[in-house]
Amino acid sequence: YNKNAIAQGSSFRAEMSKPGAPADALIIDARLQRDVVDEVQFKRYTTARQTQKAFASSKYDGMQKVGPRDHAGEGVSACIDFGGVQSDPIARQELDDLTSRG
């Protein structure tokens, strides 16, 4: 998201939230003293149905719900999308390959 925001001249940035926070990432506006303007929750399970089901909890209401692009649908987006900027979607296998490299 951030590389796309910078390329588009946007002041919005994604930051990882603190451990234990309800959201995994926060969208902040650097122009407004880093005010939080949106929240993002990420999930990745083996199947699209499992990923979609994991977002069913009301604690994720009002947040962007983002999963792998091959799990998108039923309320799950393939990318962060805020302020006219989108992150690059990633497939579950690509994500698995990246995280297995340590």
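Colleague: Hi! How much space lies in the largest pocket?

Modeller: About 320 Å³. This is a predicted model, where local features need pLDDT of at least 70, side-chain atom pairs count only at pLDDT 80 or more, and totals for chains, interfaces and linings use all residues. Residues are numbered from 1 along each chain as its sequence is written, and side-chain values use heavy atoms, leaving out hydrogens and water. A pocket is an open set of points on a 1 Å grid over the protein atoms alone where a 1.4 Å probe fits, with protein on both sides within 12 Å along at least five of seven lines; lining residues have an atom within 4 Å of a point.

Colleague: Nice, and which residues are closest to the centre of the largest pocket?

Modeller: Among the 19 lining residues, those are F42, V66, I80, S87 and I90.

Colleague: Switching topic: is S17 buried or exposed?

Modeller: S17 is buried, because its relative accessible area is 17% and buried means under 20% (exposed is over 50%, partly exposed in between, with a 1.4 Å probe and protein chains only).

Colleague: What does S17 contact?

Modeller: Beyond its neighbours within four places in sequence, S17 is in contact (heavy atoms within 4.5 Å) with A23, D24, A25 and L26. A polar atom of the S17 side chain lies 2.2 Å from the backbone oxygen of A23.

Colleague: And R34, what does that one touch?

Modeller: Not counting residues up to four places away in sequence, R34 touches E15, I28 and D29. R34 is partly exposed, at 47% relative accessibility.

Colleague: How far apart are the C-alpha atoms of R34 and D88?

Modeller: They are separated by 23 Å, with the two residues 54 apart along the chain.

Conventions
Points joined across faces, edges and corners; volume = space filled by probe spheres on them. Polar contact = N/O pair within 3.5 Å; in protein donor to acceptor, adjacent residues only side chain to side chain.
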